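Take a look at the chain shown below.

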Amino acid sequence: MKDKKSFWQGALCGALAILLVAVLAACGLKEKASGNGEAVASTTEKKIAELKELIDQKFLGEVDEKELEEGIYKGYISGLNDPYSVYYDEEETKALYESTEGEYSGIGAVLSQNMDTGVITLVQIYKDSPAMKAGLQDNDILYKVEGKEVTGEDLTEVVSEIKGEKGTDVELTVLRGEDSEEITVAVTRDKIQAQTVEYKMLDDNIGYIAVSEFDVVTYDQYAEALEDLKEQGMNGLIVDLRNNPGGSLTTVCDMLDLMLPEGLIVYTEDKDGNRSEMKSDEEHQFNQPLAVLVNGNSASASEIYSGAIQDYGIGKIVGTQTYGKGVVQQIFDLDDGTCVKLTIAEYFTPNGRNINGKGITPDVEVEYERDDNNPDADNQLDCAIEVIQSEQ
């Protein structure tokens, strides 16, 4: 028993040390790690051994050693006190990569989390999705997943819990309306191809494109919508980024390349001040009246899009102050089916604005006002239409 116990402790601490070196090396700090790595590993190994002994002697309940090991890695990254830096186990890593591709097995809903309160909201339910069939609605507050409260939990992990094998059920509890009515439904997962873009032609030949997130599939959907609206005779465009939490930096830059003149789209700076620039070419640019709708849930890539449009002066930003997420994350593969996502840089709009914690201030500020007598009414969209009409 003693030998087995020593082996477990050594293996566990060795795994931690490997993780530390892998993370540091991924960030370009391998040489620095060699100086203090042994001291850190020794201190950590001793403390874990003490904790392991206490668990063996005192803990009431079953012990899952794999969960303990994963807990070490998660805890280490959470010690950064950065809401955007997260360690993912094998299952979570698989779900993370699926989500960035825009195809996955899930329920067909877009979730957004308030950074201050931790409240998670279903901001968009896909048409004909399992979520819609189960009766879930836009703006439902996600309260529980499989009976477990999720407010304040990492959003990516919550999404991973909701996704799963096609044909299986997941139980969700939501709070609805001003009275926070509690509703519990079982949603049957299915194969979902994220419809990240919806579009239509409004009156006066004003095109409307709503982008729910920036995934790998989004560029093609956006380009197709833009081209179709042009063929229909569009003479003004509204791009709706309300409740869009962001996504791929590459995707949003490719989309902006269809809109901007030749020049800088966005640039990033890492901890050492190294600058990386993303630019548009002269092949495409949008020359019609343009308005971009945003709100407090428009974050990250949505702010890159609206910030670039605003800096170039080719469109008006309409709505309310955006979220203010001006930092970039990168996913590092740890070569064992797991990964870690770390905040590695800040991004800046073409004019050099850092909007982290601040957000984008609209050119035309208008709060959303719900009309109980007409749920389809949208005063923010009406305002954007007026902006386009004034410039046609």
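## The model and its overall make-up

This is a predicted model, in which local features need pLDDT of at least 70 and side-chain atom pairs count only at pLDDT 80 or more, while totals for chains, interfaces and linings use all residues. Residues are numbered from 1 along each chain as its sequence is written, and side-chain values use heavy atoms, with hydrogens and water left out.

The chain has ten helices and 19 strands. Both are DSSP runs, numbered from the N terminus: helices are H or I with at least four residues, strands are E with at least two. Of the 392 residues, 45% are buried. Buried means under 20% relative accessible area, with a 1.4 Å probe and protein chains only. A contact means heavy atoms within 4.5 Å. Among contacts between residues at least 6 apart in sequence, 67% join residues at least 24 apart.

## Helix H10

Helix H10 covers residues 379-391 and has 13 residues. From first C-alpha to last, H10 reaches 19 Å, close to the 18 Å expected at 1.5 Å a residue. The expected span is 1.5 Å times one less than the number of residues. At the start of H10, a side-chain oxygen of aspartate 378 comes to within 3.2 Å of the backbone nitrogen of glutamine 380.

Which residues of H10 are buried? They are Gln380, Leu381, Cys383, Ala384, Ile385, Val387 and Ile388. An α-helix has 3.6 residues a turn, so residues three or four places apart point the same way.

## Helix H8

Helix H8 spans residues 249-257. Its buried residues are Thr251, Val252, Cys253, Met255, Leu256 and Asp257. They pack against strands S11, S13 (263-270) and S14 (275-280), and against helices H7 (218-231) and H9 (301-312). At the start of H8, a side-chain oxygen of serine 248 lies within 3.3 Å of the backbone nitrogen of threonine 250.

## A cavity and a pocket

On a 1 Å grid over the protein atoms alone, a cavity is a set of points where a 1.4 Å probe fits but cannot get out; a pocket is an open set with protein on both sides within 12 Å along at least five of seven lines; lining residues have an atom within 4 Å of a point. The whole structure has one cavity of 30 Å³ or more. The largest cavity is lined by Lys148, Val150, Glu153, Asp154, Glu157, Val158 and Glu161. Helix H6 (155-162) gives the most to this lining, with three residues.

The second largest pocket has a volume of about 1,400 Å³. Its lining has 35 residues, and the closest to the centre are Val123, Asp138, Asn139, Asn243 and Asp378. Strand S4 (120-125), S10, S11 and H10 each give two or more residues to the lining. S10 gives the most, with four.

## Asparagine 295

Asparagine 295 sits in the loop between S15 and H9. Is this residue buried or exposed? Asparagine 295 counts as buried because its relative accessibility is 13%.

The side chain of asparagine 295 reaches the backbone nitrogen of asparagine 243 at 3.0 Å. The side chain also reaches the backbone nitrogen of asparagine 297 at 3.0 Å. Leaving aside neighbours within four places in sequence, asparagine 295 is in contact with Arg242, Asn243, Thr320, Gln321, Thr322 and Tyr323.

Note on methods: Buried means under 20% relative accessible area, exposed over 50%, partly exposed in between (1.4 Å probe, protein chains only). A polar contact is a pair of N or O atoms within 3.5 Å; within protein, one must be able to donate a hydrogen and the other to accept it, and residues adjacent in sequence count only if both atoms are side-chain atoms. Grid points are joined across faces, edges and corners, and a volume is the space filled by probe spheres set on the points.
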